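Thanks, everyone. I have one structure to go through today, so please look at the screen.

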Amino acid sequence: MSTKSEPKYNSVMVALCDINGAFRGKRLPIDQVDKVFDGSLRMPMSAATVDVWGRDIEGSELVFESGDADGICLPIRDEILPSPWMGASSGFVPVCMYDENGAPHPTDSRHALAAVVARFAALGLRPVVATELEFYLTDLHEQGGIPSSEKFDTENVLSVQELERLSPFLDDVYAACAESGIPVDAAISETGAGQFEINLLHTDDPLRAADDAMMFKRIVKGFAKSHGHTATFMAKPYGDGAGSGLHVHFSLLNEKDENVFDDGSDEGSDIMRAAIGGLTDAMQESALLFAPHFNSYRRLRPNSHAPTTVAWGYENRTAAIRIPGGNNKARRIEHRVAGADANPYLVLAAILGAALAGIEGKTRAPEPLTGNVYEAGMPQLPLDWAAAIDAFEQGPIVADIFDPSLLQLIVQSKRQELERFLETVTKLEYQTYLEVV
């Protein structure tokens with residue numbers, strides 16, 4: 001890794017993560033990089049809460065109402081990170097937004113996660129988090145920008161041959177992750193044609209876990225292009241293919257570094273079950289953060305290996321919450337709802353915040369389920385976007401997790417995004433209805 005004083009870079013991209021999980025920022029020549037580290041770099045505070053196309057949110061309190069004021073952008077790490085697919089001379093600095101007086105700006109999604117982590121710390125607890133990210137390698141047709149998986153034309157789960165064929169790409173990804181301090185673990189070929197998963201190792205710093213997930217996605221996309229592919233973290237790029245998820249594993253350590261989810265039994269502790277109770281109580285109202293886009297709801301379908309109901313179970317991948325087996329000392333919760341298209345900061349804030357609500361309220365978890373949870377008659381997750389937006393806006397638990405300004409801007413952004421999709425007539429609609437009805 002390179003410190004800010006090292007002269008190897010010619011330019012630096014400085015960017016913050018917006019509410020849609022996209023980086024937004026500016027390119028600086030290297031002789032201007034000191035302003036990033038001395039607190040003099042500024043960007044509009046509204047930049048963290050634009051819609052998915054980069055447009056201002058209509059009615060946003062951060063635009064005309066406040067004069068679209070600037071905030072201060074401070075780096076999340078005291079170093080310049082490499083972007084090797086762009087050449088050795090191009091660096092990257094992730095930042096987050098602060099007010100003029102130096103306070104964390106409440107509409108920056110990284111600060112939302114930091115606030116939840118601080119609440120755990122006040123109880124003497126430290127979340128340990130790991131993420132699993134699935135993605136597709138595709139090839140774009142020259143016309144229309146439609147992804148193709150022609151180079152990966154078969155579903156080939158756990159294929160060693162596919163991994164060997166992609167060794168040059170994977171080698172570059174792993175080397176770049178090592179240079180940026182991202183703890184990558186195993187890579188596998190997943191169920192879909194051209195679909196892969198790479199796991200990130202656990203860390204007791206949830207903010208770093210989300211930072212690493214964001215940087216990992218950037219690295220995968222960057223090297224995919226240099227190897228003749230396009231990488232997509234869309235939740236469901238192919239209607240008849242497997243969806244891509246962002247699975248989150250977490251446990252809690254106390255001040256003695258003991259896993260409080262482990263009480264020596266195979267069932268796990270009362271604290272773990274209270275956390276599960278909080279997660280199930282909040283799942284419907286927080287679904288918008290796990291499935292934030294129009295395409296997200298193509299993934300949440302029964303019998304698709306993506307959860308559709310509010311349920312949990314031991315070693316049960318048909319449930320939204322799975323308690324993995326293995327050594328009891330590693331007892332943890334796996335939350336399986338989020339798609340790979342979600343913002344990692346908001347996902348972790350929603351999951352950890354709901355778990356904390358359950359622990360503080362000593363919430364009683366429902367009974368764990370076995371077998372096919374899709375057929376168990378459990379309460380449904382919102383399976384359409386509009387319902388998820390309404391549930392999020394009205395949810396009492398998410399209102400306790402997120403700053404009201406951030407919550408309202410997320411709602412406004414998603415309604416603005418939804419409206420554009422509703423007013424866009426698709427090619428399939430014309431083919432189906434134009435001359436028939």
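**Overall build and core**

Among contacts between residues at least 6 apart in sequence, 73% join residues at least 24 apart in this chain. Bear in mind that this is a predicted model.

On secondary structure, there are twelve helices and 15 strands in the chain. The radius of gyration is 22 Å, and the globule rule gives 22 Å for 437 residues, so the chain is as compact as a globular protein of that length. Along the principal axes, the C-alpha atoms fill a box of roughly 60 × 60 × 50 Å.

Now the inside. Of the 437 residues, 55% count as buried. The largest nonpolar core holds 103 residues, and the members that touch the most others are F216, I333 and F402. Which helix gives the most to this core? That is helix α8, residues 344-361, with twelve residues.

Take I333 as an example. Leaving aside residues up to four places away in sequence, I333 touches V248, H249 and F250, then F261, then M272, A275, I276 and L279, and finally I321, R322 and I323. There is also a second, separate core, with 17 residues, including L16, V33, V93 and M97.

Last, the surface and the charges. How many side chains are positive, and how many negative? The chain has 37 positive and 63 negative ones, and the centres of these two sets lie 2 Å apart.

That is what I have; comments are welcome.

Methods: Residues numbered from 1 in each chain as written. Predicted model: local features only at pLDDT ≥ 70, side-chain atom pairs only at ≥ 80, totals over all residues. Heavy atoms only, no water. Core = buried A, V, L, I, M, F, W, Y, C linked by side-chain atoms within 4.5 Å. Buried < 20%, exposed > 50% of the residue type's maximum accessible area, 1.4 Å probe, protein only. Helix = DSSP H or I, 4+ residues; strand = E, 2+ residues; numbered from the N terminus. Contact = heavy atoms within 4.5 Å. Rg over C-alpha atoms; globule rule 2.2 N^0.38 Å. Lys, Arg positive; Asp, Glu negative; His and termini not counted. Charge placed at Lys NZ, Arg CZ, Asp CG, Glu CD.
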